[in-house]
Amino acid sequence: MTTTEMTDPTTAQENAQRDKSDRQRTFWHKTTPYWFMSPYIIIFGTFGIFPVLFMIYLSFHTWNPVAGLGTMEYVGLENYALSLTDPTLWQTLWNTFLMALYSGIPQHLVALPLAYLLVQLGKRARHWLTTAYFLPYVTSTIAISMIFFVMFSKESGIINQALTGLANGSLTGWAFGWLHDVMPLGWVQENSLIRYSVSFVVFWKYVGFNIVIYTAGLATISDELYEAAIIDGANSWQRFTRIALPLLRPFIFFAVTLTIIGNMNLFDEPYVLTRGLQQASTNGMTISNYLYRVAWEWLDMGSAAAISWILFMVIGLFTGLYFWFFGRRGLGGE
Amino acid sequence: MKALTPVQKENLDGMFRMLGKALLWTALLTAVVFTVFPFLWSLLMATHDRTTMFSSGLNLTLGDQLVANYHRLLDIMDFWVGMFNSFSVALLGTLTSLLFCSMCGYALAVFEFRGRKVLFGMMICSMMLPPILTLIPYYMVINAIGLSNTHLAVWLPFSINPFGIFLIRQYVVASVPKDLLEAAKLDGASAFRTYWSVVLPLLRPGLATLAIVQFVFLWNNFLQPLVVLTSSDKMVITQMLRSVQGVPNTPWGALMLGTFISILPLVLIYMAASKQMISGLTSGAVKN
């Protein structure tokens, strides 16, 4: 395009051309944000919005994925009715809830005081200790669960070996002798123990993450507050409960929210510790595990979709209640 | 009762302080042992075979089966194929997410456009959505568009991690001066040009954080590969390790060796850059 020459006969043509390029430019200009957003829009539409809508549709149908889409059959509310009266669903929901409690509460009860001790130290010591505590969070849940599966092993596991050692030891025998009656303990084989075993692994993996959050939270509290409290005669326990804990409230709220969401989704740890849902699965199976079993082992996608929605409601209810009770105070003035 | 002299009192105080310090360190170091022990134990087990492992009694000595276990490991699974698959999934997924998340984060930070609030709201909602809920339709979408048993299916849905988009948006708002964007515009640079050669270089710390989060997540991910990757030449390492758990007479020593090697890459990166990794992986929680 040559706009430098300004001869009369071509002006109209040039104007038209300029108009066109202007329009093109404004088109590009106006749509630029959408071009930048297009990866999100396309991928989220495909893997986010469509699936959710399809889930609603699917939950009213029966469908076996191996047989193809043509076998889909409308069954109304049957999937929901079946799922809601399915005792296994309630059992697994109860398991999930219990494991969330058993692993979640100790996590925070241990992480808070440890973080409080950590901030008393110098920067270097704090850094090294934090690095060690955070290590499990970086490693994969599968690897960790495999290691613990071996540690929990009935005959050769270190936990049972250590307990036997305690029961046989001349110094500790009087206190642990009774263990002889119950050994060897099937930590991952027994229905009565599996929840504790799974919860322990979850606890072990995430406690370091919470320590880091709480240390960061405690670091935001200025020393002057503590100094003023010392002058007022507060001992270290009072400083912990009266200054540190209240000021940590937003951090506690956030960390507990993450724990709740994470624990409601628990899949990997129980999956490995029950040997792919083969053993101790009555008490060891979480709702996510059950969903996987219904969909991919029993190939009943319609019921699985209904279960998904029930799970969604339950999680929504729990989170809603939690925010309702603690949200305003938890978020503080923010 | 006789009153203490000032010197005695000071000594007593000092003793208490020492005792307190000793207790403090005992608590902290016990926690370290408690945390690190399973890793060391898996390494120890990697040197034993079934006979020495199943001998009763606490055995904390090194065995001599390390090399034999390595060969057993290669017998029961295509270990290095799994490692390579995990690596390629994590690397491709991370690089793509750096591109996509930075594009979206840039758009959300710089432009005013219709639908921005809606997109924002959708991202927040999708962060709340439990991944297991969308697993079934995810699996069906993957099948429908012909991506079953491909690595692309495992990392593509995570390349638009909403957390990553937020992170980048915050970085753009905080560390890219508005004047700079104006200047680039006056110089006639297109929006894409501005993004690529002005904004991206300034985002390096944010991109590094995002890369850490994505790589760790993709390397450790299990659920999506479990339902999508079906043939053994495509399986990632977490899947392979899990699947031999069902084999009768599982060679646990070999499996512990494999498990240990599989966590080694992340542990090594972590040793080298623990500070960045900790702040990266908790950056959703901790504002700094």
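Predicted model: local features only at pLDDT ≥ 70, side-chain atom pairs only at ≥ 80, totals over all residues.
1. Residues are numbered from 1 along each chain as its sequence is written, and chains are lettered from A in the order in which they are written.

2. Chain A has 15 helices and 2 strands (DSSP runs numbered from the N terminus: H or I of at least four residues for helices, E of at least two for strands). Its C-alpha trace spans about 110 × 70 × 35 Å along the principal axes. Buried residues (20 or more other C-beta atoms within 10 Å of their own, C-beta atoms being placed from the backbone) make up 38% of the 334 residues in chain A.

3. On to the interface: 71 residues of chain A are in contact with 68 of chain B (C-beta atoms, placed from the backbone, within 7 Å). Helix H1 of chain A, residues 11–58, gives the most to the chain A side, with 17 residues. That side has 52 nonpolar, 16 polar and 3 charged residues (nonpolar: Ala, Val, Leu, Ile, Met, Phe, Trp, Tyr, Cys and Pro; charged: Asp, Glu, Lys and Arg; polar: the others, Gly among them).

4. In chain B, look at helix H8 (residues 162–175) and helix H11 (residues 204–220), which pack at an angle of about 170° with axes 10 Å apart. H8(B) is therefore roughly antiparallel to H11(B) (angles over 145 degrees, on a scale from 0 to 180 degrees between N-to-C directions, with axes fitted to C-alpha atoms over the stretch in contact). The contact includes B:Gly164 and B:Leu167 of H8(B) and B:Gly206 of H11(B).

Conventions:
Parallel < 35°, antiparallel > 145°, perpendicular 65-115°, else oblique. Contact = placed C-beta atoms within 7 Å. Buried ≥ 20, exposed ≤ 12 C-beta atoms within 10 Å, placed from the backbone.
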